[in-house]
Amino acid sequence: MPKPLVETGAQIDGYTIGECVHAGGMATLWTVTHPGIDMPLLMKIPRVSEGEDPAAIVSFEMEMMILPRLTGSHVPSCFGTGDFAHQAYVVIERIVGTTLYKRLPDLPLPYDEARQLVAKVATALADLHRQNVIHHDIKPSSIMFRDSGEAVLIDYGLSHHDHLPDLLQEEFRLPYGTAPYMAPERLLGVRDDPRSDLFSLGVLLYFFTTGERPFGEGETLRAMRRRLWRDPQPPRKLRPDYPPWLQEVVLRCLEIEPEWRYPTAAQLAFDLAHPDQVRLTARSERLKRDPLSIAWRRRFNQGVMAPRAKSDVAAQIASSPIVAVALDTMEGAVELNEALRVTTERILATLPSARLACLNVLKLNRIAIDKTLDEQGSNKHIDRLVALRHWATPLKLDESRLSVHVLEAVDPATALLEFAEMNSVDHLIIGARQNSFRRSWLGSVSAKVAAEAACTVTVVRPRTAAVKPDAGVVWG
Amino acid sequence: MRLAVFSDIHGNRQAFEACLKAARAKGAERFVLLGDFVGYGADPEWVVETTMALVEEGAIAVRGNHDEAVNATTETMNAEAQVAIEWTRGRLDVAQRRFLAGLPMAVEEQERLYVHSEASQPTRWHYVRSTADAAKSLIATPAHVTFCGHIHRPALYSMSVTAKMTSLVPKTDVSVPLLRGRQWLAVIGSVGQPRDGDPSAAFVLYDTASCEITFCRAPYDIESAANRIRENGLPHWLADRLSQGR
């Protein structure tokens, strides 16, 4: 790989190099001009010579892949890339102004200023996540603002694009990023959860409103791992006048389990835009951290669903309900499954943040021993999962909103009821009894589920020649 | 130049036709065929005939294990594959069988390697199922991009200069730049018998100038292909699985 031979006045692929405006650990930034482009431009050039951090190359490769694919006002426009065979570079729009890092001496900011600022960043993140990219390095120095007020996210060297190879997947033994802002799941190697960015933004919001970093500045793995089980001091403890709604938002972003955070950046932005409508839970009232007994339980039960305060569960569910749909195996139930899909689609249409769980019960024999493999030798369990996904495909649900589950049970109704209970399902959709004798077991299932479930149940009946006026009944 | 890469056509005329049409519509200028032209499907003659014509026009074709089994009975296969291969043997004429027998195991073209299965030992017909398999394949070649098939499920692997691996289940119609400075292994899905849960025919487009790869799918008349299998007395499972994509 050739050493970069970049200096003021040099020409690279039609770009004329201006001055070096930044020399960081991983890359240098140069102003450049191009006769065809009427916009201030920056050329970013990685440090690739001997002895440099190998992370610089991999990070730069990620930027080379991701930047040209991003669009919109929340990212710098990308004008060109050059690969390592000749001279590696990316040319991006030069955003005028400074990063949020320059605001650090002003901390803590007034609550309302911080709210508006972070709301803009959340909006930018929502736009980035919509483009299948997780930033993974949200911190003050990655954030700039356009004159129009919109936040721009820069630096994609640690990012993950859901449709592109993740070059950082195996690259580093230790999680790579900015320690104070890193989400706990990143320490476990998770790189595909957009809510990691919401955690980082929560750290920033906490820092900007209290003047203190919620997890300190520890760079050691040991210090970083504490966040896997130890919750931060509630902001109200640091600042008695801290608004409860703001604490609610901050602590929700900083939940250890990603599922307990906002499901989307858009939802976070919505709450920040409407502080009066933030639904307050026990989080907002907290004046001290969880007792050590709880923190220790988390510490030594990692990977196990640790018990949580009930009000938090309620808050999460209320904001993004879980809908479950119970499906028969695909063969012979085409009409019913189509009707179930139409109904599910209608319900989800009104609940853009709802999760959908598709359930199928693999009925076990009461006495005989079941074989895992079918006649063709393929795994029944996996086949059903595939069939469930296939059924859900036309719903065009984001992967993060869809799950498929094959429950193995002797009694399908009980299995469904248990699943609903365990997973706090808010709404269960199930097919009605079919006329044919073969389907008769399903009828009893829907009746039992409708009668005994703790949640709303919709029983769906496909239209037939003889339609009864009460076809399709909803139990609340 | 834009290449269209096909693999595992397996005698499925309808799927092959659909892929050829779709690839040409997307600007394919040259075809690369990664073997297993026959076996399973009911139109081996047409598929081999068409492949021979494409090769005549400059396409590249390599040998797959089913192509080999047509001429040599040593290959051990599962029962259905064996039935299909014996049936196929009776359908192909001498010229067609000679064509299959004469196919190379692998072809290197500039910085690209075309091979049916895992590249370290192409005659062993190993599958690329994991990053470990992919690493074995990539270490065996200096090529920037290796294209292989055989497993009927699309995947994209890369290996950095420090032998760090990445893996990706590619998204349909999303182009991925195969950066220089690392090696890539593109596992092509199957044209004639997809097994990744999507029954539509799979192929790949590769732009040799930009090094961008795009995994594509072409819907085709599955019913007709399945009926041809049933009409010809081949095992019904070979017909049924087409609509299930497994």
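Colleague: Does Arg217(B) count as buried or exposed, and at what relative accessibility?

Modeller: Bear in mind that this is a predicted model. Arg217(B) counts as buried, because its relative accessibility is 16% and the cut-off for that class is under 20%. The side chain of Arg217(B) meets that of Asp196(B) in a salt bridge, with 2.7 Å from N to O. Arg217(B) belongs to strand β12 (residues 212–218) of chain B, whereas Asp196(B) sits in the loop between β10 (182–187) and β11 (201–207) of that chain, so the pair ties together parts that are 21 residues apart in sequence. Asp196(B), at 30% relative accessibility, counts as partly exposed.

Two salt bridges in chain A can be set beside this one. Arg341(A) and Glu338(A) form a salt bridge whose closest N and O atoms are 2.5 Å apart, and both residues lie in helix α11 (residues 334–349) of chain A, three residues apart, or about one turn of the helix. Here Arg341(A) counts as buried at 15% relative accessibility, while Glu338(A) is partly exposed at 37%. In the other case, the side chains of Arg130(A) and Asp127(A) meet at 2.6 Å, N to O, and because they are three residues apart in helix α2 of chain A, about one helical turn separates them. For this pair Arg130(A) counts as exposed, at 56% relative accessibility, and Asp127(A) is buried, at 15%. Helix α2 (residues 111–130) of chain A has 20 residues and reaches 28 Å from its first C-alpha to its last, close to the 28 Å expected at 1.5 Å a residue; after α2(A) comes Asn132(A), with a positive phi near 70°.

Salt bridges also link residues into a network, made up of Arg230(A), Asp231(A), Asp290(A) and Arg298(A), and a search of the whole structure finds 38 salt bridges over all chains.

Strand β12 of chain B, where Arg217(B) lies, spans residues 212–218, and the side chain of Glu212(B) meets that of Arg69(A) in a salt bridge of 3.0 Å, N to O. Across the interface of chain A and chain B the rule finds four salt bridges, together with three residue pairs in polar contact. The contact draws on 19 residues from chain A and 21 residues from chain B, and the area buried between the two chains is about 1800 Å², with 57% of it from carbon and sulfur atoms.

Conventions:
Residues are numbered from 1 along each chain as its sequence is written. Chains are lettered from A and ligands numbered from 1 in the order in which they are written. This is a predicted model: local features need pLDDT of at least 70, side-chain atom pairs count only at pLDDT 80 or more; totals for chains, interfaces and linings use all residues. Side-chain values use heavy atoms; hydrogens and water are left out. Contact means heavy atoms within 4.5 Å. Buried area is the accessible area (1.4 Å probe) that two parts lose on being put together, summed over both. A polar contact is a pair of N or O atoms within 3.5 Å; within protein, one must be able to donate a hydrogen and the other to accept it, and residues adjacent in sequence count only if both atoms are side-chain atoms. Helices (H or I, at least four residues) and strands (E, at least two) are DSSP runs, numbered from the N terminus. The expected span of a helix is 1.5 Å times one less than its number of residues. Buried means under 20% relative accessible area, exposed over 50%, partly exposed in between (1.4 Å probe, protein chains only).
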